[in-house]
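Work through the exercises below with the sequence and the model side by side. Try each task before you read its solution.

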Amino acid sequence: GGYPKGSLLLASDGNFYGTTGCGGTYSNGTIFKCTPTGLLTVLRHLNYSSDGANPYGSLYENSDGYFYGMASSGGTNYTYTGPIFKISPTGVFTVLFRLPDGAFGFNPAESVVQATDGFFYGMSHNGGMNNYGTIYKMSTNGTLTVLRHFDYYNTGGYPDGSLIQATDGNFYGMGTTGNNNLDGTIFKITPTGTFTVLKLLDETVTGKLPYGHLTQGNDGNFYGITNGGGTGGYGTIFKITPTGVFTVLKHLTSATGGYSFSSLTLGADGNFYGTTEDGGANSSGSIFKITPTGVFTVLKYFDYMNSGASPWGSLVRAADGNFYGMCSYGGQNFSGTIFKITPSGTFTVLKHLNTSAT
């Protein structure tokens, strides 16, 4: 499989699990396992009608030993768009719920998260009563309840990231677009569905179009990245408090890399690590580090053929302190790569993906 859009998951067995957006036996994407040394095993070749297809998000490891994820399209008889599934480390695959076109929403883009109450919480990109997406919770047996229907101008809409449960027990997330500025929102929602907009984004001032999720820092504040806007036009890196006080830490430019679709990852050193999709020295994106006060360092400029290019997913921090991730394009087979990078910037390609061979 190839062209991965999500992030790797570091599982309790020490291996990484992930999805590709297309390729594989049926050309609909795959679910795979990859060791820290780059040995890759395909666990499932997705079939459009029975499994769903084109997963653009990431997997989530549950306490039952299964990995939960979402396909962005497909389903039985082509009448559903976006099955929610679980898969075991050995490849036993089960569809839990098929999102129908309509009230539940459809085309989920990222991943679900299991909360302290045992339920899974997630967002759909489209559908719902207003057709701008939904926030829902789901039990482990597939019973689904919609908590919020996005209404675009008031709440934002078309979310592409996932929710995070913060230390206060509430969920925080972002609408990729919407509000009167059409630039996205940052919000809080309680497990019972009480919804609060924390920030209406504004293109030049705050940056616009956040595609990833928020990351809670050691200080209790949330950190994130926007895809565009800011004074440099390539997005911003920001901090927001739980009450909505917003600070831009970095205005991204062509030189730093920008247009990020990913999220920030908290390092063991208390700094944040992330990726950009475009720009940089080779116009293929970059990997960077930023401190909570905004000191910014580029660790790696991607180059299309050798390292891969344009990572859409986020970095994942492993027990060894290094970061692992995927490029959506480029590499020796033009299908993306899986890579490792140390906090100091030493970069290694672990696997060159191939849409037909892996």
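The model is predicted, so local features need pLDDT of at least 70, side-chain atom pairs count only at pLDDT 80 or more, and totals for chains, interfaces and linings use all residues. Residues are numbered from 1 along each chain as its sequence is written, and side-chain values use heavy atoms, with hydrogens and water left out.

**Exercise 1. Cysteines**

Step 1. Buried means under 20% relative accessible area, exposed over 50%, and partly exposed in between (1.4 Å probe, protein chains only). Cysteine 22, at 22%, is partly exposed. Cysteine 34, at 1%, is buried.

**Exercise 2. The sheet E9 to E12**

Give the strand order of the sheet that contains E9, and say which strands stand at its edges.

Step 1. Define the parts. Strands (E, at least two residues) are DSSP runs, numbered from the N terminus. Two strands pair if DSSP finds at least two bridges between them.

Step 2. Read the order. The sheet is open, has four strands and runs E9-E10-E11-E12 with antiparallel pairing.

Step 3. Find the edges. Strand E9 (113-114) and strand E12 (144-149) each have a single partner strand, so one side of each lacks a neighbour in the sheet.

Step 4. Look at one pair. Strand E11 (residues 134-138) pairs with E12 in the antiparallel sense over five bridges. Lysine 137 faces threonine 145 of E12 as its opposite residue.

Step 5. Strands of a sheet pair through backbone hydrogen bonds, either parallel or antiparallel.

**Exercise 3. Serine 124**

Is serine 124 buried or exposed, and which polar contacts does its side chain make?

Step 1. Serine 124 is in strand E10 (residues 120-124).

Step 2. Check accessibility. At 0% relative accessibility, serine 124 is buried.

Step 3. List polar contacts (N or O atoms within 3.5 Å; within protein, one must be able to donate a hydrogen and the other to accept it, and residues adjacent in sequence count only if both atoms are side-chain atoms). The serine 124 side chain meets the side chain of threonine 134 at 2.8 Å. The serine 124 side chain also reaches the backbone oxygen of asparagine 126 at 3.1 Å.

Step 4. Widen the view to contacts (heavy atoms within 4.5 Å). Not counting residues up to four places away in sequence, serine 124 touches several residues, including Phe104, Pro108, Tyr136 and Pro159.

**Exercise 4. The sheet E17 to E20**

Identify the edge strands of the sheet that contains E17, then locate asparagine 227.

Step 1. Read the order. This open sheet of four strands runs E17-E18-E19-E20, with antiparallel pairing.

Step 2. Name the edges. Strand E17 (215-216) and strand E20 (246-251) each pair on one side only.

Step 3. Take the pair E19 and E20. Strand E19 (residues 236-240) and E20 are antiparallel over five bridges. Phenylalanine 238 stands opposite valine 248 in E20.

Step 4. Find asparagine 227. The residue is in the loop between strand E18 (222-225) and E19. Asparagine 227 is buried, at 10%. A polar atom of the asparagine 227 side chain lies 3.1 Å from the backbone oxygen of tyrosine 259.

**Exercise 5. Rings and charges**

How do the rings of tyrosine 152 and tyrosine 153 pair, and where do lysine 137 and lysine 300 lie?

Step 1. Apply the ring rule. Rings of Phe, Tyr and Trp (its six-membered ring) pair if their centres lie within 6.5 Å; planes under 30 degrees apart count as stacked, over 60 as edge-to-face and the rest as tilted. The count is 26 aromatic pairs.

Step 2. Classify the pair. Tyrosine 152 and tyrosine 153 have ring centres 5.0 Å apart and planes at 85 degrees, so the pair is edge-to-face.

Step 3. Compare accessibility. Tyrosine 152 is buried at 12%, whereas tyrosine 153 is partly exposed at 46%.

Step 4. Lysine 137 lies over the face of phenylalanine 119, 4.6 Å from the ring centre. The charged end of lysine 300 sits over the ring of phenylalanine 347, at 4.6 Å from its centre.

Technical notes:
Lys NZ or Arg CZ within 6 Å of the ring centre and 35° of its normal.
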